Amino acid sequence: MKDGQKTLYSAVQPTNNLTIGNYIGAIKNWVSLQDDYNCYFAIANMHAITVRQNPAELRQKTLSLLALYIACGVDPEKCVLYVQSHVPEHAELCWVLNTFTYVGEMERMTQFKDKSARHADNINMGLMDYPVLMAADILLYQADIVPVGLDQRQHLEISRDIAQRFNNVYTPTFTVPEGLYMKVGAKINDLLNPDKKMSKSAENPNGSIFLSDDKDTVIRKFKRAVTDSGSEIKYDPENKPGVSNLLSIYSVFTGKTVAEAEKDFTGKGYGDFKLAVGEAVADKLVPLQAEQAKLLADKEYLNGVLLSGAETAHKTAARTLSKVYKKIGFYQI
Ligand code: TRP
């Protein structure tokens with residue numbers, strides 16, 4: 001870490017398989033930001049348990065997400081990579097921040113309402129408290145910048161509100177974080193419903209490309225992707241959402257502009273086009289998966305990364321928590 005650099009914080013839950021949308025919208029961007037910021041990237045396992053998890057799978061997915069971060073180019077020498085539950089200050093600050101958060105505002109959160117509908121048999125307090133834990137994550141590290149998807153905007157806004165509220169009651173304590181909403185390539189849509197965002201929890205998994213999909217699966221899914229009426233391969237999201245989505249994916253995965261992508265396919269049919277997009281994606285995923293598998297075979301190395309990440313994270317987090325405890329009047333020894 002370098003002095004004078006701003007602090008950047010983000011996290012991903014180690015739950016469902018990530019899609020190429022998560023890769024393009026999040027992890028790939030982190031790689032380009034890691035030289036310019038003091039970066040903390042967490043594996044949010046405490047958020048994950050707000051929905052019931054299989055314990056063995058949760059453990060396994062924690063390591064596999066870490067291996068994925070590193071395989072994608074997130075460098076543990078430059079960034080702090082750690083597991084949320086390894087740093088107890090997250091839960092501790094969350095408790096304090098709960099007393100600065102109103103029940104009404106949590107009940108109004110869009111994601112809480114969505115998840116309550118989807119998990120009606122388990123609307124637990126943790127699900128409702130999810131945004132406050134996220135605020136604690138961010139505020140503990142005095143993060144200036146938080147790159148997230150647009151679906152997290154409301155959570156980021158509430159983090160800012162909570163920080164400002166606390167700062168106003170006492171004296172400035174928390175940095176008020178700015179959201180960094182990724183634009184370029186951030187919008188990858190479902191292959192079967194190109195009007196909807198590609199999601200890790202879509203009803204039909206054939207509409208999503210997971211980072212863990214093997215080459216045959218990737219090609220098969222792209223072959224089945226919906227295209228549009230007509231036969232022209234041109235970028236026109238309004239009238240040709242399917243073709244346009246495939247063109248964006250191709251452009252992101254080959255590094256070509258959309259205009260160059262269109263040129264590659266002038267005079268070609270949809271069949272060739274879909275195959276080419278599938279191959280472009282598989283060409284990136286196959287080496288990524290090989291690297292991830294190689295890293296996963298070296299558990300000692302991964303544990304070392306997590307141990308040193310947790311130590312560094314804990315140092316920063318403890319400093320913030322101690323300030324907070326002092327301000328609110330907790331007697332400290
Ligand atoms: N809620 C985020 C998501 O599901 C993950 C997350 C947890 C996060 N804590 C965070 C993201 C702090 C940014 C900052 O995508």
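User: Is cysteine 39 buried or exposed in this structure?
Analyst: Happy to walk through it, keeping in mind that this is a predicted model. A residue counts as buried when its relative accessible area is under 20%. Cysteine 39 has a relative accessible area of 0%, so cysteine 39 is buried.

User: How many disulfides does the structure hold?
Analyst: A disulfide is a covalent bond between the sulfur atoms of two cysteines. To count as one here, the two sulfurs must lie within 2.5 Å. The sulfur of cysteine 39 is 4.6 Å from its closest cysteine sulfur, in cysteine 79, which is too far for a bond. For cysteine 72 the closest cysteine sulfur is also in cysteine 79, but 12 Å away and too far for a bond, and the number of disulfides in the structure is zero.

User: What is the orientation of helix H4 to helix H13?
Analyst: Two packed helices are described by the angle between their axes and the distance between the axes. For H4 (residues 89-98) and H13 (residues 299-328), the axes come within 10 Å and cross at roughly 25°. Angles under 35 degrees count as roughly parallel, so H4 is, to H13, roughly parallel.

User: How many residues of the contact of H4 with H13 are charged?
Analyst: Let's look at who takes part. H4 brings Glu89, Glu92, Leu93 and Val96, while the H13 side includes His314, Ala317 and Leu321. The contact divides into eight nonpolar residues, one polar and, for charged, two.

User: Which residues does alanine 313 contact, leaving aside its neighbours within four places in sequence?
Analyst: Alanine 313 lies in helix H13 and is buried, with a relative accessible area of 0%. Alanine 313 and valine 80 are 233 residues apart in sequence, yet 7.0 Å apart in space, C-alpha to C-alpha. With those sequence neighbours left aside, the contacts of alanine 313 are Tyr40, Val80, Tyr82, Val87 and Tyr141.

How values were computed:
Residues numbered from 1 in each chain as written. Predicted model: local features only at pLDDT ≥ 70, side-chain atom pairs only at ≥ 80, totals over all residues. Heavy atoms only, no water. Buried < 20%, exposed > 50% of the residue type's maximum accessible area, 1.4 Å probe, protein only. Axes fitted to C-alpha atoms, helices over the stretch in contact; angles between N-to-C directions. Helix = DSSP H or I, 4+ residues; strand = E, 2+ residues; numbered from the N terminus. Parallel < 35°, antiparallel > 145°, perpendicular 65-115°, else oblique. Contact = heavy atoms within 4.5 Å. Nonpolar A, V, L, I, M, F, W, Y, C, P; charged D, E, K, R; others polar.
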